[in-house]
Amino acid sequence: MLVGALLRRSAAEGGFAAILMKGDETSGVIIIQALEKGIEKGLLERIPDLSGGYRITRCGPAPDEGSDKAAQYIERRRRSDPDLWVIELDIADAERFAAETIC
């Protein structure tokens, strides 16, 4: 449901979102590969916060470390959590957009 909302809302806002790796329908962790006009902005993860809700936080290597490092990070995470979702999101201010949409 959350991934579907992210896909629909990004299309409605003129952005692009695609499922790179599909996870568990009800309990999978969501990692977002954020881009802006095709330029990598890093990886984001939806995590629980202390108030009982969720927030978006940066994870993995910095964008300037290259896409190979990000791919390796995602593969390590996927091996330890096969329920993981990986979503590519290309939209302005992807971190804010994701937080508004899935948190």
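Leaving out residues up to four places away in sequence, R77 touches V29, I31, E45 and L84, where contact means heavy atoms within 4.5 Å. The model is predicted, so local features need pLDDT of at least 70 and side-chain atom pairs count only at pLDDT 80 or more, whereas totals for chains, interfaces and linings use all residues. Residues are numbered from 1 along each chain as its sequence is written, and side-chain values use heavy atoms, with hydrogens and water left out.

R77 is placed in helix α2 (residues 67-80); helices (H or I, at least four residues) and strands (E, at least two) are DSSP runs, numbered from the N terminus. With a relative accessibility of 17%, R77 counts as buried, the classes being buried under 20% relative accessible area, exposed over 50% and partly exposed in between (1.4 Å probe, protein chains only). The side chain of R77 makes two polar contacts in this description: one with the side chain of E45 at 2.9 Å, and one of 2.8 Å with the side chain of Y73. A polar contact is a pair of N or O atoms within 3.5 Å; within protein, one must be able to donate a hydrogen and the other to accept it, and residues adjacent in sequence count only if both atoms are side-chain atoms. R77 and G60, 17 residues apart in sequence, have a C-alpha to C-alpha separation of 9.7 Å in space.

Strand β3 (residues 39-48) takes part in two antiparallel pairings. With strand β2 (residues 30-36) the pairing runs over six bridges, and with strand β4 (residues 54-59) it also runs over six bridges; two strands pair if DSSP finds at least two bridges between them. On the side of β4, I47 stands opposite R55. The hairpin of β3 and β4 has five residues between the strands, and there G52 takes a positive phi near 95 degrees.

The hairpin of β2 and β3 has two residues between the strands. K37, in the loop between these strands, has a phi near 55 degrees, a positive value in a residue other than glycine. Most residues other than glycine have a negative phi, and most peptide bonds are trans. K37 is exposed, with a relative accessible area of 78%. D93, in the loop between β5 and α3, is a further non-glycine residue with a positive phi, near 50 degrees. D93 counts as partly exposed at 39% relative accessibility.

Aromatic side chains were examined for ring pairs and for charges over a ring. The structure holds zero aromatic pairs, with rings of Phe, Tyr and Trp (its six-membered ring) taken to pair if their centres lie within 6.5 Å, and planes under 30 degrees apart counted as stacked, over 60 as edge-to-face and the rest as tilted. R46 does lie over the face of Y54, at 3.5 Å from the ring centre; the criterion is that NZ of Lys or CZ of Arg is within 6 Å of the ring centre and within 35 degrees of the ring normal.

In helix α1, the residues V3, L6 and S10 are buried. Seen down the axis of α1, these buried residues fall within an arc of 55 degrees, so they line one face of the helix; the arc is that of the directions from the helix axis to the C-beta atoms. They pack against β1 (16-21), β2, β5 and α3. The face turned away from the buried side of α1 carries the exposed residues R8, A11 and A12. S10 counts as buried at 1% relative accessibility, and beyond four places in sequence S10 touches G15, F16, A17, L89, I91 and F97. After α1 comes G14, with a positive phi near 85 degrees.

Helix α3 (residues 94-102) has A94, F97, A98, T101 and I102 as its buried residues. Viewed down the axis of α3, they fall within an arc of 95 degrees and so line one face of the helix. The packing partners of this buried set are α1 (2-12), β2, β3, β4 and β5 (85-90). T101 is buried, with a relative accessible area of 16%. A polar atom of the T101 side chain lies 2.8 Å from the backbone oxygen of F97. Apart from neighbours within four places in sequence, T101 is in contact with A5, L6 and R9.
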